Amino acid sequence: MPAETSQTLDRGLLVLETLAGSAGGLTVTELATKLGVNRTVVYRLVATLEQHRLVRRDARGRLHVGLGVLHLASAVQPVLRDLAGPVLRRLAETVGCTAHLTVAEGAEALAVAVVEPSWTDFHVGYRVGTRHPLAQGAAGRAVLLARRGRAGAAYSVTEGELQTGARGLAAPVRDVDGLEASVGIVTLGVLDERTVSQAVIAAADEVAALLSGREG
């Protein structure tokens, strides 16, 4: 028996999803056409979302996703850390390297969770909040790999792009709606690419399963 759902809430969420995919914004008429609903319904939905700053109008009256979404998004990072933390801990302990979860934020890669191995004599210090361009470093390059689809390499490897002597390897977290991310490791030691890549890809897949509810 299907669960009861709210048609109004569903339509409101569709408004946000549609606007998020429309870089130049939409008029009420255009939005109504895309949603296949009456303009009066769209006016009410938009008015409600505007009150919560989830939708805004530009000088031309076109509708865009509002800044209130940023407040909601800020609550996502702790959730990501909680879910990915145990996976990163196992990865760090297994390969003896600092493990991290990185998400795309605009044109940058942002580290949102970092776990250092407990048994190594030395390891790379990598801080939560570290940012760098997506095209630099293994973590960002792994996100770009995912944008190209399943074709090509399953992971990215870099050396010395962000820190002299540091080696990084990362794999994309795939098939999680609304999220571009990667799981990776960084080390100053010798990198056994074959062994480490298998562990990193497995960790990225496990994180994807957790975030999309496919675990188990």
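1. On the basis of the note: because the model is predicted, local features need pLDDT of at least 70 and side-chain atom pairs count only at pLDDT 80 or more, whereas totals for chains, interfaces and linings use all residues. Residues are numbered from 1 along each chain as its sequence is written, and side-chain values use heavy atoms, with hydrogens and water left out.

2. On the sheet: six strands, in the order β5-β4-β3-β8-β7-β6, make up an open sheet with antiparallel pairing. The edge strands, each pairing on one side only, are β5 (131-133) and β6 (156-159), and neighbouring strands are turned against each other by 30 degrees on average, direction ignored. Strands here are DSSP runs (E, at least two residues) and helices are runs of H or I of at least four residues, both numbered from the N terminus; two strands pair if DSSP finds at least two bridges between them.

3. On one strand pair within it: β3 (residues 98-105) and β8 (residues 181-187) are joined in the antiparallel sense over six bridges, and H100 has G184 in β8 opposite it.

4. On the helices against the sheet: helix α5 (residues 76-95) touches β3, β4 (108-115) and β8, and its direction makes about 65 degrees with that of β4. Helix α7 (residues 193-212) lies across β3, β6, β7 (167-173) and β8, and runs at about 35 degrees to β7. Contact means heavy atoms within 4.5 Å; axes are lines fitted to C-alpha atoms, for helices over the stretch in contact, with angles from 0 to 180 degrees between N-to-C directions.

5. On a helix pair: the axes of α2 (residues 28-35) and α3 (residues 39-51) come within 9 Å and cross at roughly 110 degrees, so α2 is roughly perpendicular to α3, a term that covers 65 to 115 degrees. From α2, V28, T29, L31, A32 and L35 meet R39, V42, Y43 and V46 of α3.

6. On T102: this residue is found in strand β3 and counts as buried because its relative accessibility is 0%, buried meaning under 20% relative accessible area with a 1.4 Å probe and protein chains only. Leaving aside residues up to four places away in sequence, T102 touches A109, L110, A111, Y126, A139, E180, A181 and S182. The side chains of T102 and H100 are joined by a polar contact of 3.2 Å, that is, a pair of N or O atoms within 3.5 Å, of which, within protein, one must be able to donate a hydrogen and the other to accept it, while residues adjacent in sequence count only if both atoms are side-chain atoms.

How values were computed
Parallel < 35°, antiparallel > 145°, perpendicular 65-115°, else oblique. Buried < 20%, exposed > 50% of the residue type's maximum accessible area, 1.4 Å probe, protein only.
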